[in-house]
Amino acid sequence: MISIPLAELSSDSEKSGFGKTVFIVDELDRCRPDFALSLLESLKHFFRAEGLHFLLVTNLEYLAKSVNSRYGLEDKSEEYLQKFYDFTVYFEEASGHDHQHASALYGRQLVSEMLTGVDAQYKSDIEDYLSNLAIAFNLTLRQVEHVAVGLILAYLSLRERAYAPTILVTVLSFLKALHPSVYGRIKLGAASFEDVDRIISAGRWSDAFHIERLRNVMEYHLNADIDVNDERFQGYGQSMGRSNFRSRLDVLPYLANSVLDRFSR
């Protein structure tokens with residue numbers, strides 16, 4: 001890190017040998033609102049200095065909410081922010097295909113490189129479920145990393161032949177990372193199918209992904225009132241029967257507590 005005295009960052013900074021200096025300020029929208037605005041308002045004094053350039057990386061919508069929180073400007077908040085920048089560059093909308101969606105690709109890469117010693121079919125299934133979640137909910141790189149790391153740690157610490165269906169563990173890891181209150185109820189066996197289905201149904205799922213199968217398998221393990229002989233749930237109890245669960249409703253709490261949260265036990 002190079003420290004340059006402010007006195008030397010003057011209008012003749014280019015002549016003094018420093019050339020152009022670019023400051024990159026990232027993730028302002030993730031800062032405490034009053035801190036983010038105070039930083040912007042302080043930096044503004046240097047925006048017109050010769051040789052100084054500022055790149056602000058942020059979510060303008062979130063930052064506008066920070067402005068409104070402090071000044072109560074409502075729909076004028078975005079107008080207030082315009083005095084801080086000369087022009088904006090918007091990132092393109094995420095693609096709906098996993099070979100183009102950055103977070104889906106990143107999730108696949110993390111699983112591929114870090115989840116070693118796991119059955120190839122398990123690994124492929126995890127990659128597929130994770131990439132579909134990334135696309136459906138347009139996850140950020142940080143969010144998909146949290147989900148992936150939870151999955152990787154869970155499967156790397158798993159006992160051989162332990163019960164850990166990839167579809168269930170992947171969804172639980174997603175809920176743990178992005179919806180911790182619902183995940184906490186699952187751990188206690190207190191979550192309802194409606195709790196989880198409300199989240200799942202909000203995703204923009206690819207036509208190629210069988211969302212109804214995912215909804216059915218979650219309902220099978222969360223809804224005490226279903227008819228288990230309904231053809232929608234055919235085959236879901238077979239692998240579970242080999243694991244000596246007293247009830248299908250015990251499966252998700254077990255996976256949350258003994259697979260995903262194995263390290264905290």
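The legends below cover the overall fold and several close-up views of this predicted model.

Local features need pLDDT of at least 70 and side-chain atom pairs count only at pLDDT 80 or more, while totals for chains, interfaces and linings use all residues. Residues are numbered from 1 along each chain as its sequence is written, and side-chain values use heavy atoms, with hydrogens and water left out.

**Figure 1. Overall fold of the protein.**
Twelve helices and two strands make up the secondary structure. Helices (H or I, at least four residues) and strands (E, at least two) are DSSP runs, numbered from the N terminus. Along the sequence the pattern reads β-α-β-α-α-α-α-α-α-α-α-α-α-α. Of the 265 residues, 39% count as buried. Buried means under 20% relative accessible area, exposed over 50%, and partly exposed in between (1.4 Å probe, protein chains only). The accessible surface comes to about 16,300 Å². Carbon and sulfur atoms hold 49% of that surface. Areas come from the Shrake-Rupley method with a 1.4 Å probe; for residues, only the protein chains shown count as cover. Among contacts between residues at least 6 apart in sequence, 64% join residues at least 24 apart. Contact means heavy atoms within 4.5 Å.

Beyond its neighbours within four places in sequence, Ile186 contacts Leu172, Leu175, Ala191, Val196, Leu252, Pro253 and Ala256. In soluble globular proteins, nonpolar side chains tend to be buried together.

**Figure 2. Helix α7 and its surroundings.**
α7 has 13 residues and reaches 18 Å from its first C-alpha to its last. That is close to the 18 Å expected at 1.5 Å a residue. The expected span is 1.5 Å times one less than the number of residues. Ten of the 13 residues are buried, so α7 is largely enclosed by the rest of the structure. The buried residues include Ile167, Leu168, Val169, Val171 and Phe174. Their cover includes α5, α6, α8, α9, α10 and α12.

**Figure 3. Thr166 in helix α7.**
Thr166 lies in α7. Its relative accessible area is 8%, so Thr166 is buried. Not counting residues up to four places away in sequence, Thr166 touches Tyr122, Asp125, Ile126, Tyr129 and Tyr155.

**Figure 4. Helix α5.**
The 17 residues of α5 should span 24 Å at 1.5 Å a residue, and the end C-alpha atoms are 24 Å apart, which agrees. Buried residues of α5 include Lys123, Ile126, Glu127, Tyr129 and Leu130. What covers the buried residues includes α4, α6, α7 and α10.

**Figure 5. Salt bridges between separate parts of the chain.**
The structure holds 15 salt bridges. A salt bridge is a side-chain nitrogen of Lys or Arg within 4 Å of a carboxyl oxygen of Asp or Glu. Glu27 pairs with Arg142, with closest N and O atoms 2.9 Å apart. Glu27 is in the loop between β1 and α1 (33-43), and Arg142 is in helix α6, 115 residues apart. Glu27 is partly exposed at 29% relative accessibility, and Arg142 is partly exposed at 34%. Lys176 and Asp261 meet at 2.5 Å, N to O. Lys176 lies in α7 and Asp261 in the segment after α12, so the pair ties together parts 85 residues apart in sequence. Lys176 is partly exposed at 36%, whereas Asp261 is buried at 9%.

Asp197 forms a salt bridge with Arg215, with closest N and O atoms 2.6 Å apart. Asp197 is in helix α9 and Arg215 in helix α10, 18 residues apart. Asp197 is buried at 13% relative accessible area; Arg215 is partly exposed at 22%. Elsewhere, Arg108, Glu127 and Asp128 are linked in a network of salt bridges.
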